[in-house]
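Here are some notes for a colleague who is opening this structure for the first time. They start with the surface terms and then follow the charged pairs one at a time.

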Amino acid sequence: MPNRAHPLPVAFALVATLWLSGCEQLVYKPKGTSPLAPLELTDDGVELEVVYIRFPVGDAEMNGALWNDVDEQSLPAATRAELAANGLRAGVIGGETPAILARRLAAAEDHSTPAVAAAKLESEPAVRRSRLQMHRGRPGNIIASPVYDQLSPLIRDDGQLGGKTYRQAQGDFIIDVDPQPDRNVTLSLLPELQYGEARQKYVADDGVIRMQSAKPKRTFDKLKLTATLAPDQMLLITSLPERPGSLGHYFFTEPKSGHLDQKLLVIRLAETKYNDLFVRVTGK
């Protein structure tokens with residue numbers, strides 16, 4: 001719960017999390033300039049800007065007109081077919097941010113008094129921003145859904161429709177990056193479900209065996225999507241509203257105050273400091 005007496009420190013503290021409040025005093029610049037201050041990157045570092053936009057499920061503009069400016073053909077046809085069969089849609093935006101997307105982001109900016117901004121922190125924002133610094137070979141996670149008490153998604157695999165019930169389940173994406181010498185970055189996202197009670201297991205970390213608590217997981221390898229982004233290009237992912245009960249539905253919709261909201265995930269390549277000399281010298 002935010003501290004009403006100190007709203008701005010609370011907002012700034014939340015910038016470091018993936019589930020950002022969205023009420024920090026930022027001005028969105030639609031031509032590829034991020035409002036977030038750059039981080040100091042290592043030679044193989046990649047900085048991503050991660051944005052969630054929330055809107056009424058089935059919104060005609062966000063499910064229709066916006067996608068006229070999204071290159072869905074950048075993903076292999078087989079991947080697009082698997083995604084669509086499971087209620088997911090994805091594509092890449094290059095160059096200038098589409099007007100629809102820029103307007104949705106700008107409309108969520110907060111230019112009110114600190115007291116009003118603090119009050120808004122108590123409600124779910126329309127836009128949540130964060131940044132994520134990554135390195136090759138060190139996967140991260142982007143949370144996609146709330147924790148469901150019980151989840152029974154319909155999964156289509158090889159043309160067959162099946163389902164299984166998962167308790168205390170939450171959807172997320174395992175994200176990995178592969179920086180290229182031309183400053184492009186190959187980005188991969190693998191959907192997974194974490195469910196049930198956390199269990200203790202042994203894991204190896206830099207040669208040290210230790211105990212770690214983690215929930216059971218199910219990954220969906222056929223829904224793994226891979227895209228190569230140039231600096232300031234964006235990968236967009238959302239659900240198909242006409243596929244209720246699908247994996248995409250549970251990942252990208254959320255009940256709010258008696259109605260259903262849909263979400264759009266935007267991942268922008270903000271910066272990369274991949275150094276080809278570094279690779280040649282170290283032999284990596």
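1. A residue is called buried when its relative accessible area is under 20%, exposed when that area is over 50%, and partly exposed in between. Glutamate 61, with a relative accessibility of 25%, therefore counts as partly exposed. Please keep in mind throughout that this is a predicted model.

2. For orientation, the chain holds seven helices and 16 strands, and 44% of its 284 residues count as buried. Its accessible surface amounts to about 14,100 Å², with carbon and sulfur atoms accounting for 53% of that area. When contacts between residues at least 6 apart in sequence are considered, 73% of them join residues at least 24 apart.

3. Glutamate 61 has its partner in arginine 104, the two side chains meeting in a salt bridge at 3.0 Å from N to O. This pair links distant parts of the chain, since glutamate 61 belongs to helix H2 (residues 60-63) and arginine 104 to helix H4 (residues 99-107), 43 residues apart. Arginine 104, at 21% relative accessibility, counts as partly exposed.

4. A salt bridge also joins the side chains of lysine 222 and aspartate 158, with an N to O distance of 2.6 Å. Lysine 222 sits in the loop between strand E12 (217-219) and strand E13 (225-229), while aspartate 158 sits in the loop between strand E6 (154-157) and strand E7 (160-163), so the pair ties together parts that are 64 residues apart in sequence. Aspartate 158 is exposed, because its relative accessibility is 58%, whereas lysine 222, at 40%, is partly exposed.

5. The side chains of arginine 268 and aspartate 232 form a salt bridge as well, at 2.3 Å from N to O. Here arginine 268 lies in strand E16 (residues 259-272) and aspartate 232 in the loop between E13 and strand E14 (234-239), so that distant parts of the chain, 36 residues apart, are linked.

6. Is arginine 268 buried or exposed? Its relative accessible area is 7%, which means that arginine 268 is buried, whereas aspartate 232 is partly exposed with 28%. Both residues belong to a network of salt bridges that also links Glu49 and Arg129.

Conventions. Residues numbered from 1 in each chain as written. Predicted model: local features only at pLDDT ≥ 70, side-chain atom pairs only at ≥ 80, totals over all residues. Heavy atoms only, no water. Salt bridge = Lys/Arg side-chain N within 4 Å of Asp/Glu carboxyl O. Helix = DSSP H or I, 4+ residues; strand = E, 2+ residues; numbered from the N terminus. Buried < 20%, exposed > 50% of the residue type's maximum accessible area, 1.4 Å probe, protein only. Contact = heavy atoms within 4.5 Å. Areas by Shrake-Rupley, 256 points an atom, 1.4 Å probe, with all protein chains shown as cover.
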